[in-house]
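Open the model in your viewer and keep the selection tool at hand. The tour goes from one selection to the next and says what is found at each stop.

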Amino acid sequence: MDVEPPAVHPKAPTPGTELGIHFDECFGCGDEFEAGLHLRSRIGEAQTVYSEFTVTAAHQGAPGLAHGGLLACAFDEALGSTVGNLLRRPAVTGKLETDFRRPVPVGSTLYIEARLDGTAGRKIYASADGHLDAPDGPIAVSARALFVAVGFEHFTTHGDPAALKKLADAQEKAKRVREGRDWEINP
Ligand SMILES: CCCCC/C=C\C/C=C\C/C=C\C/C=C\CCCC(=O)SCCNC(=O)CCNC(=O)[C@H](O)C(C)(C)COP(=O)(O)OP(=O)(O)OC[C@H]1O[C@@H](n2cnc3c(N)ncnc32)[C@H](O)[C@@H]1OP(=O)(O)O
């Protein structure tokens with residue numbers, strides 16, 4: 001099947017939008033686990049998403065250096081967020097390939113620029129570059145991924161239904177707050 005240019009969803013967030021946490025307990029972006037990556041993302045121009053990940057002592061492999069698997073995790077998150085937010089299609093990572101080009105020390109920040117590359121049926125291709133310590137810093141890590149679009153039943157069948165319900169409730173609440181239909185009883 002031929003690869004087609006990605007068609008950004010008409011309701012995708014617009015450039016400049018800060019993307020929230022998609023699930024509090026997500027290791028990549030959630031705030032529930034202190035050792036998580038706490039990745040923060042925003043929509044850029046032309047089918048890109050910018051993410052930032054600051055490496056802490058909890059992310060070490062060699063002393064003082066980020067663990068490669070956690071760097072791959074940051075790219076999985078950044079790329080997944082790109083696919084999910086720009087296409088608004090549930091999808092999971094089928095394949096993730098990483099090039100580690102420079103060491104990434106504890107205390108440094110990776111500025112990840114991720115983009116959609118194309119789609120072929122259910123297959124979604126995306127790639128990203130991680131710049132060290134500045135958006136135009138040297139590229140320390142790059143990644144390419146294949147995501148596969150799935151039905152929502154992928155998560156209900158294989159995941160945790162109680163956690164999914166909590167997530168759906170939180171999203172509904174956030175929507176109500178955005179639309180001014182909600183207020184705190186005990187602010
Ligand atoms: C309802 C509205 C929703 C709106 C959503 C809106 C917003 C969401 C917003 C934000 C989301 C934000 C952030 C997300 C952040 C992070 C994401 C982290 C993502 C993950 O961390 S997720 C966990 C790791 N991930 C898995 O846990 C997957 C386990 N896995 C499977 O569940 C299956 O394996 C599956 C489903 C992948 C495929 O299974 P399947 O049976 O459905 O389909 P099948 O096998 O036929 O593959 C179809 C075509 O993909 C090709 N293909 C498949 N895999 C390939 C590979 N590895 N290499 C090369 N090609 C591959 C085949 O070759 C075929 O290609 P072809 O059609 O050309 O033959």
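Bear in mind that the model is predicted.

**Stop 1: the shell around the ligand.** Select the ligand and show what surrounds it: 22 residues, of which the closest are G80, G84, V92, G94 and V148. Now colour α1 (68-87), β4 (91-100) and β7 (139-149), the elements that each give two or more residues to the shell. By residue type, the shell divides into 7 nonpolar, 9 polar and 6 charged.

**Stop 2: the helix α1.** Select residues 68-87.

**Stop 3: the largest nonpolar core.** This core has 33 residues, and A74, F75, A78, L79, V83, I112 and A126 have the most contacts inside it. Two or more residues come from each of β3 (48-54), α1, β5 (109-120), β6 (123-132) and β7. Which element gives the most to this core? It is α1, with 9 residues.

Zoom in on A78. Setting aside residues up to four places away in sequence, A78 touches L39, S41, V49, S51, I112, A114 and A128.

**Stop 4: G28.** Select G28, in the loop between β1 (18-19) and β2 (40-43). Is G28 buried or exposed? G28 is buried, because 23 other C-beta atoms lie within 10 Å, and 20 or more are enough to count as buried. Beyond its neighbours within four places in sequence, G28 is in contact with G36, L37, L39, C73, A74, D76 and E77. For a distance check, pick the C-alpha atoms of G28 and T119: these residues are 91 residues apart along the chain, and the two atoms are separated by 24 Å.

**Stop 5: the annotated region.** Finally, select residues 64-127, where an unreviewed UniProt entry places the feature "domain: Thioesterase". Over this stretch the chain is 31% helix and 42% strand. The end C-alpha atoms of the stretch are 27 Å apart.

Note on methods:
Residues numbered from 1 in each chain as written. Predicted model: local features only at pLDDT ≥ 70, side-chain atom pairs only at ≥ 80, totals over all residues. Near = placed C-beta within 6 Å. Helix = DSSP H or I, 4+ residues; strand = E, 2+ residues; numbered from the N terminus. Nonpolar A, V, L, I, M, F, W, Y, C, P; charged D, E, K, R; others polar. Core = buried A, V, L, I, M, F, W, Y, C linked by C-beta atoms within 7 Å. Buried ≥ 20, exposed ≤ 12 C-beta atoms within 10 Å, placed from the backbone. Contact = placed C-beta atoms within 7 Å. UniProt positions renumbered as here; feature names shortened; annotations may be inferred.
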